[in-house]
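Hi,

Here is the structure I promised to pass on to you. Have a look at it first, and then read my notes below.

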Amino acid sequence: MSTASTPASRPDLLNRARIEADPFGARITRDDFPPPPELAGRDPSGAPDGHVGGLRAELRWRDGQMHLGRTYFQNPVRVIRPLTVEPGGPSLLYLMNMTAGLLDGDGQLVYLDVGPGVRGFVTNQSAGRVHPCPRYHAASRFELKIARDSVLCLMPGPTIPFVGSRYHQKTSIDLEPGARVVWGDVLLPGRTRYARAPERFVFDRLVQELRVRRDGRLVFHERFAWEGPWDEARTRWHFGDAEAAASLFISGPVAPEDLPPLPDGEIAVQETAHGDTCVRLLGRDAEQVVAASARIALTASARLAGDPGTWLLDSTGLSSDHWFSTPPAVVSAQSLPD
Amino acid sequence: MNTNGKPGPAPSPGRLLRLVQLCDSALPIGAYSHSWGLEAVVNRRRIRGPEDLEAWTGAWLSESVAPADGLIAAHSARLAHAGDWASLAEANDLLTANKVAPTLRKASLNPGEALLGLASGWHWSSRASAEIRASGGGPWHHSVLFGALADSAGADPSEALALFLQNAAVGLVASAVRAVPLGHTHGQQVLAWLQPLMLDLADRWAHAPLECFGGLSPAYEVLSYAQSQLYTRIFQS
């Protein structure tokens, strides 16, 4: 019996045809999360279908703010109306996961079709906790299509891999000529302050990949497949003596004056072969790394959009208790003389 | 026999001579001017002797070289064997998009282009070199060229990868001999210590799918950047 004729695969084929016909009307299924070779033996196809969800949405710019166009979301991911803090400023779109994080067998897809002229920041409401995965793995997939004259900043929020977690994050970004994007990942060692048993780099497997294409041409690629738990040597190789790492892809330059200080840390700003910028941050204080990476991302977004200052962070209209806000302790540390 | 103990290409003195020529550390491709970030490590006093060097080189080969340039070298040997020059150019583009640090990109492209220029004039590799030039790709990375030329020399993908890793280790150790500094005897001892690891890595990565390409290490990239910011430096990378 061929694979295509098995009862289980027929609905998948039908679903794929539905997605092609109407990407905003079809269910998100296991087919949307092909495991990487490193996790092929942990394929969650046996996990309940309820573990799979996500969002497919059009983001459109109208009347000076971002709006949701055609939108489909599936539990546990929810989305609310974009928030515009200041007239003429960028909009903020929160992706909300209604569960405690990513559990064994979970798959979450975010597909955004960003129309011309959009200026927005898209993020999760908190850090992404990846729970232990005794049988399968958890997966996140981001697919962004960004039209000309748009500037989209997307930072999913810090990833915290718990002990024994297996996680695959795959991101594909397609830029039309003239489209701009800022993508940011932050990776933390684990539940370092978990009272019962503090965790530090004791995940089972992390696979993360990012591809950016401009006008169909591959302009940026990064991938790692880390096998844990790490011993001291492997930790030193990948993180040095840091407790947090962040990576930003910015489709444009970054001015040195836009880099905040990072006490007890290092920032590397490097121009890619295709004229974009990759920023890596490493630091001993995770809070400082999170704050610095968010500030660089949102300042770069403002520069790319031709806006003054930094998107959202210094606004009086937005409370300062978001994960990407600059905590008071960090503000005072950044103000200390050298 | 190839690295995994299975029958490989038939042994022949001509094949060995071609591979020895390809792997010669004295090839004038500019590799001697690169340290692949090691200069910054030495500057931070993290490598003081042969044991430190063996540990650092082993991590470099395992975590950064084998899953990236190493995998591409084996893949390129396979593509060259099949005469699939268009896919070889795509693999080269993938490397270009992946090499973030300008210094490491330069350390890959300059020797690659120089090797292509040299190989164009060698009787055993001129045909492959002409096909590569005609494909319209480039500038070419060293690992792509190394893999394709290793095929011309008669190596299979597993051997191409093992030799590429050896070639990379020789370059790094040679830079350590100058930067640490270390004696040549210690340098050769480190290379001997690393051989079992290189054979293991060749077995693991020679047949890995291209989908697995990538060996990002944030700390290594930050180090490569730090090397480019040193007040005085003797290496380009």
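The second largest cavity has a lining of 14 residues, and L187(A), Q208(A), F224(A), A245(A) and S247(A) are the ones nearest its centre. Three elements of chain A, β13 (180-187), β15 (217-227) and β16 (244-250), each give two or more residues to that lining. Strands here are DSSP runs of E with at least two residues, helices are runs of H or I with at least four, and both are numbered from the N terminus. A cavity is a set of points on a 1 Å grid, over the protein atoms alone, where a 1.4 Å probe fits but cannot get out, and lining residues have an atom within 4 Å of a point.

Before you go on: this is a predicted model, where local features need pLDDT of at least 70 and side-chain atom pairs count only at pLDDT 80 or more, while totals for chains, interfaces and linings use all residues. Residues are numbered from 1 along each chain as its sequence is written, chains are lettered from A and ligands numbered from 1 in the order written, and side-chain values use heavy atoms, without hydrogens and water.

Back to that second largest cavity: it holds about 110 Å³ of space (the volume filled by probe spheres set on the points, with grid points joined across faces, edges and corners). Its lining splits into nine nonpolar, three polar and two charged residues (Ala, Val, Leu, Ile, Met, Phe, Trp, Tyr, Cys and Pro are nonpolar, Asp, Glu, Lys and Arg charged, and the others, Gly among them, polar).

How many cavities of 30 Å³ or more are there? The count is three. The largest cavity has about 310 Å³ of space and 23 lining residues, with N97(A), L102(A), Q108(A), N124(A) and G128(A) nearest its centre. By class, that lining has ten nonpolar, twelve polar and one charged.

Now for chain B. Helix α3 (residues 50-82) and helix α8 (residues 157-179) of chain B have axes that come within 8 Å and cross at roughly 140° (axes are lines fitted to C-alpha atoms over the stretch in contact, with angles from 0 to 180 degrees between N-to-C directions). So α3(B) is oblique to α8(B) (under 35 degrees is roughly parallel, over 145 roughly antiparallel, 65 to 115 roughly perpendicular, and the rest oblique). Their contact has 20 nonpolar, two polar and two charged residues.

Lastly, P209(B) sits in the loop between α9 (184-205) and α10 (218-228) of chain B.

Cheers

Key: On a 1 Å grid over the protein atoms alone, a cavity is a set of points where a 1.4 Å probe fits but cannot get out, and a pocket is an open set with protein on both sides within 12 Å along at least five of seven lines; lining residues have an atom within 4 Å of a point.
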